[in-house]
Amino acid sequence: MKKLIYVISDIHGMYDLFKKLLLDYDPSLHQLVLIGDLNDRGPRSKECLLLGKQLVEETGAIYLRGNHEEYFLQFLNAPEDWYSAYVRNGGKETMESLLHPGATEEYSPTEIALMIRSRYRDLVAFLMERPLSYEWQKYLFVHAGVDLTKKNWQDTSDHDFIWIREPFHTGENHTGKTIVFGHTITPMLHGDMETTDLWFHDNKIGIDGGAVFGGSVHGVIFDKDGIVQDIEYQNLTGPWHPDF
């Protein structure tokens with residue numbers, strides 16, 4: 001077991017920021033944990049998804065499924081049913097990144113799904129196999145959170161691991177774990193819709209700085225005792241626009 005964990009979440013197609021964070025990743029020192037949502041909303045979802053897959057296969061990274069990986073898979077399974085909701089949540093950017101600009105105007109949802117399944121068979125299979133949680137020392141890494149009403153956090157439903165918000169944020173943490181999560185942007189958790197710093201409360205650490213909305217990405221390095229380093233890069237390409 002490596003002595004350091006390096007955690008990244010919610011890249012959302014911001015490939016340049018993803019690559020920037022990875023400059024500080026040393027596979028000989030760090031266990032890399034990607035806690036979901038590499039795709040959707042941002043412009044380069046294809047590169048982010050393929051890089052996530054490469055990091056797992058070549059460096060032993062852990063890549064947890066987020067709700068946007070789940071959206072993508074649900075769309076592929078039932079394209080006509082999921083298309084509208086997926087587009088509203090940033091799916092158009094992923095479809096056109098995987099195919100080409102304008103693809104969503106040229107083809108039906110079913111045609112888009114068939115082309116993606118045909119061209120990216122290995123990627124789709126990989127995403128379907130992603131775990132929902134990862135434990136290390138006193139830490140628990142999840143995309144969205146856990147059901148704190150359960151006697152055992154492991155009884156959390158698959159849906160809550162990748163979708164839960166307020167009940168987890170405000171619930172009392174009796175798990176004995178420090179829970180590190182993304183999914184809900186820290187400006188929302190801080191309550192001011194401005195602060196992109198990490199959020200700390202009741203042994204919960206939120207690390208999604210809302211980069212795709214003009215906020216920031218975090219790469220957080222932990223040892224068994226706590227945070228060693230928080231590497232934060234601001235998205236300087238546009239103003240703050242949390243239009244979700």
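The model I am reading is predicted. Met 1 belongs to the segment that precedes strand E1 (4-8).

Next entry: helices H4 and H5.

I took H4 as residues 79-88 and H5 as residues 91-98; they pack with their axes 6 Å apart and at an angle of about 100°. An angle of 65 to 115 degrees counts as roughly perpendicular, so H4 is roughly perpendicular to H5. Which residues make the contact? On the H4 side I listed Tyr 83, Tyr 86 and Val 87, and on the H5 side Gly 91, Lys 92, Thr 94 and Met 95. I sorted the residues of this contact by class and got four nonpolar, two polar and one charged.

Next entry: aromatic rings.

I found 15 aromatic pairs in the structure. I looked at one of them, Tyr 71 with Trp 82, which is edge-to-face, with 5.8 Å centre to centre and 80° between the planes. The edge-to-face label applies because planes over 60 degrees apart are given that name. Where do the two partners sit in the chain? Tyr 71 is in helix H3 (residues 67-77) and Trp 82 is in helix H4, 11 residues apart, and the pair links distant parts of the chain.

I checked burial for both partners. Tyr 71 has a relative accessible area of 10% and is therefore buried, the cut-off being under 20%. Trp 82 has a relative accessible area of 29%, so I noted Trp 82 as partly exposed.

Tyr 71 and Trp 82 belong to one aromatic cluster together with Phe 75, Tyr 83, Tyr 86 and Trp 163. Tyr 83 and Tyr 86 of this cluster had already come up in my list for the contact of H4 with H5.

Last entry: charges over rings.

I recorded two cases. Arg 130 lies over the face of Phe 126, and the distance to the ring centre is 3.8 Å. Lys 204 has its charged end over the ring of Phe 168, at 5.3 Å from the centre of that ring.

Methods:
Residues are numbered from 1 along each chain as its sequence is written. This is a predicted model: local features need pLDDT of at least 70, side-chain atom pairs count only at pLDDT 80 or more; totals for chains, interfaces and linings use all residues. Side-chain values use heavy atoms; hydrogens and water are left out. Axes are lines fitted to C-alpha atoms, for helices over the stretch in contact, and angles run from 0 to 180 degrees between N-to-C directions. Helices (H or I, at least four residues) and strands (E, at least two) are DSSP runs, numbered from the N terminus. Angles under 35 degrees count as roughly parallel, over 145 as roughly antiparallel, 65 to 115 as roughly perpendicular and the rest as oblique. Contact means heavy atoms within 4.5 Å. Ala, Val, Leu, Ile, Met, Phe, Trp, Tyr, Cys and Pro count as nonpolar, Asp, Glu, Lys and Arg as charged, and the others, Gly among them, as polar. Rings of Phe, Tyr and Trp (its six-membered ring) pair if their centres lie within 6.5 Å; planes under 30 degrees apart count as stacked, over 60 as edge-to-face and the rest as tilted. Buried means under 20% relative accessible area, exposed over 50%, partly exposed in between (1.4 Å probe, protein chains only). A charge sits over a ring if NZ of Lys or CZ of Arg is within 6 Å of the ring centre and within 35 degrees of the ring normal.
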